[in-house]
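Please open the model in your viewer and keep the selection tool ready. The tour moves from stop to stop.

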Amino acid sequence: MSAFALTGEQRAYVRQVREVAVAELVPLAERGVEGTVNRPLLAAMGRHGLLARLFGGTGRSAAAMELCLLRETLAEVCTDAETALALQALGSYPFVLFGTDEIAARYSDGVAAGTVVASFALSEAEAGSDAAALALRAEPDGDGWRLTGEKTWISNAPEADVYTVFARTTPHARARGITAFVVPGDAAGLSGEHLDMLAPHALGRLTFDGVRVSAADVLGEVDGGFKVAMRTLDVLRPSVGAFAVGMAQAALDAALSHTTRRQAFGGPLSDQQAVSHLLAEMATRVAASRLLVYAAAAAHDAGEPPDQLTRQAAMAKLFATESAQYVVDTAIQLHGARALQRGHLLERLYRDVRAPRIYEGASEVQRTIIGRSLVQAEIARHENARADTRQEG
Ligand code: COS
């Protein structure tokens, strides 16, 4: 038995999710309009209890493994459903994990039912990878603040019903001067527009023109918002890897199906060694990605130390998203022109697979996180060894 064989219960769960996705979610996704929130799709995921699973684990969020299995399974069958579900998690985990009971109660049931659309508003035009540089101002106003500035490339914007907004409460303090606020989508002074992106899900820009927030809308601590963002991303990053694994598996399955049937040069394409070696490479990268993702998720659920979790989450996201890009691209190469036709599974996956290498921390950010964590662990080891030697002496 492998180190990460799924239990019978997990396999049954995956089967059940797949059945719902094929029977109900795919048709609803097909009726949606690209670049906009598909509310009927979200409501169906709510009715089937899939969104409620986002809030099933300890600490009020889902167990990381369960989140990964959900995302991987949905990604194999219906990327629209996968992304809609993942964005509900990204948008709501800051208030589920760090909000008061009152805030969590105000929005969680609606998010789980698919009637309240949630969104995570961190990025700005001048603060993407360098999130601590964000500039959207929160200026004191009576017992609260007024938010002024812009957020951009925000998933589910401008249609979301509730946003987690990261704003600068202390100037020039980088990560130590950011606060997270919960802001309703219909707040006075909040407006936005859609952006036309390669990725098929809703994405937009938000403008805050003196939007009023109170002390009760703060998530976590004033000036402690950077940690809210980073902890949320720590939970989500392995599951971005799971999304990538699901897409890569779908592309690999398509490549196997095509190359074993397609006749060329006197036999099936898969008889060509050049082709079978590509299939082997694709399958190996998918398997390795899956193991890294499951390992990161299992470590999270086992409550391993935070620095190790951050490193493992970064490794899983980095390797799985980069591998999925390779696998989808190679599957297209093996199919030839037919895969580039609008509406082909691989044409769609090619558009879906690109953004995860950028969002929730670009691959370069993941390498920075991994590199720093390795060096810090090594320095800590040196220091401990020196302290031991001093004690002995
Ligand atoms: N959990 C808890 N706290 C964390 C943390 C984590 N995973 N990562 C960092 N922190 C804390 C640090 O401990 C530090 O706290 P102190 O000031 O108390 O020492 C603070 O946050 C700043 O950390 P750091 O110095 O590492 O910040 P940097 O500015 O160097 O940025 C990166 C770190 C690059 C990792 C961060 O900016 C990042 O993740 N960028 C990508 C953002 C992103 O994913 N954007 C996409 C938006 S969602 S689509």
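**Stops on the tour**

Select Glu360 first: at 13% relative accessibility, Glu360 counts as buried, because the cut-off for buried is under 20%. Bear in mind that this is a predicted model. Glu360 sits in the loop between helix 9 (345–354) and helix 10. Check its backbone next. Glu360 is not a glycine, yet its phi is positive, about 55 degrees.

Follow the chain into helix 10, which spans residues 363–392. Select Arg381, which lies in this helix. Is Arg381 buried or exposed? At 51% relative accessibility, Arg381 counts as exposed, since the cut-off for exposed is over 50%. Arg381 and Ala125 are 39 Å apart in space. In sequence, 256 residues separate Arg381 from Ala125.

Go to Arg174 next. This residue is in the loop between strand 4 and strand 5 (178–184). Arg174 has a positive value of about 45 degrees, although it is not a glycine. How does Arg174 count in terms of accessibility, and at what percentage? Arg174 counts as partly exposed, at 45% relative accessibility.

For the last stop, select Pro158. Pro158 belongs to the loop between strand 3 (144–155) and strand 4 (162–168). Show the peptide bond between Ala157 and Pro158. What kind of peptide bond joins Ala157 and Pro158? The bond is cis, with omega at about 0 degrees.

Key:
Residues numbered from 1 in each chain as written. Predicted model: local features only at pLDDT ≥ 70, side-chain atom pairs only at ≥ 80, totals over all residues. Heavy atoms only, no water. Helix = DSSP H or I, 4+ residues; strand = E, 2+ residues; numbered from the N terminus. Buried < 20%, exposed > 50% of the residue type's maximum accessible area, 1.4 Å probe, protein only.
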